[in-house]
Amino acid sequence: MLAVLAAGALLVTACTPTDGDDGPVLPGASGHERTVSFQGGGFTVPGTFTVPAGSGDGQVPGVLIISGSGPTDRDGNSAGRPEADTNLNLARVLTGAGAASLRYDKFGSGDPADMDDAEEVALERDVDPLVYDEQMAAAYAELIAQPEVDPERTVILGHSEGALFALRAHEVLDAEPALVLAAPPGTRMLDLIDRQVTEQVRTAEAQGGVGEVTAAQLLSDIRAGRAAVRAGTELPRDDSTGLFTEQNEDYLAWIDAFDPVELAGELPATTPVLVLWGEEDAQVNAEEIDRLMTGLSGAERVDLPGVDHILREYDDSPGAAALDADRPFAPEVTPAVEEFLDGLW
């Protein structure tokens, strides 16, 4: 849905391959993986369950990983960022920390060749936002049904927009898991999108990639679209941003209604929360994270220097451009997650 923003993020993090080795060292440990599938929201949902090697007959903590916005698959990849592997890397970190994890292809994000007919047909119609809640609930049930998982020790890890689902998990799941919020939004979604698009347009304009008239039209359309969605009125015609369509309208109105600070304030008082944020995150800025933290009394915040939105190392010095897959996953994530999990039980 937000492919325009994903493409913009690629411009910020650069996409020129580097020469040399086979890539950076992967974080954590691989563990044992198996493919699972379950019914959620009226569709078959495929996923990957990972458990630490050598866990034996004992049960370990279980973590449900929820992807960010748009058609982002179980590994954290999308058409705009096919090698981000954010969720895959987080699963490895969790495995190394002694926790099992489940990541899944939310509605519309999986390989089209593997989709069932019902999902393919549904993708041609307006999206019912509740399908995402229903799939999260079904994924959580699948996680705690795994024999290796201790259902009394669970965590929801949401990346980017997935953090909004994590903040609402205690209501949707009728459970009170601990939370890890990775690169979470700190303001309402349409305000976040407005800020992101504005920065991208202004940067492109300054670099000569977008003309003054086009820039003005884009900024006008983003604000007109935001106003129409919030007012429930007809969407502007000929939206130059490509973000506001009839197919997306209901979802945008639904997700925009959630203020992260209000959601944070509604958490059960005993909910442990870890917030991970990269200081080079071009999609969620420091001001937005600061705002979110005002609602998270007692939460632990770990700022990651030199790290971007997908939790990989970022270097903007001359000649330092690299593909996502060529940039190391932030090593600071591992000790932060391990320390957080160690303190839970």
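A word on the source. This is a predicted model, where local features need pLDDT of at least 70, side-chain atom pairs count only at pLDDT 80 or more, and totals for chains, interfaces and linings use all residues. Residues are numbered from 1 along each chain as its sequence is written, and side-chain values use heavy atoms, with hydrogens and water left out.

Rings to begin with. The structure holds five aromatic pairs. Rings of Phe, Tyr and Trp (its six-membered ring) pair if their centres lie within 6.5 Å; planes under 30 degrees apart are stacked, over 60 edge-to-face, the rest tilted.

Take Tyr-132 and Tyr-251. Their ring centres are 5.1 Å apart and the planes sit at 65 degrees, so this pair is edge-to-face. Tyr-132 lies in helix α4 (residues 130-145) and Tyr-251 in helix α9 (residues 246-256), so the pair ties together parts 119 residues apart in sequence. Helices here are DSSP runs (H or I, at least four residues), as are strands (E, at least two), numbered from the N terminus.

Both tyrosines are buried. Buried means under 20% relative accessible area, exposed over 50%, partly exposed in between (1.4 Å probe, protein chains only). For Tyr-251 the value is 5%.

Next, Tyr-251 and Trp-254. Centres are 5.8 Å apart, planes at 50 degrees, so the pair is tilted. Both lie in α9, three residues apart, about one turn of the helix. Trp-254 is buried too, at 17%.

Now helix α2, residues 86-96. Nine of its eleven residues are buried. Among them are Leu-90, Val-93 and Leu-94. After α2 comes Gly-98, with a positive phi near 90 degrees.
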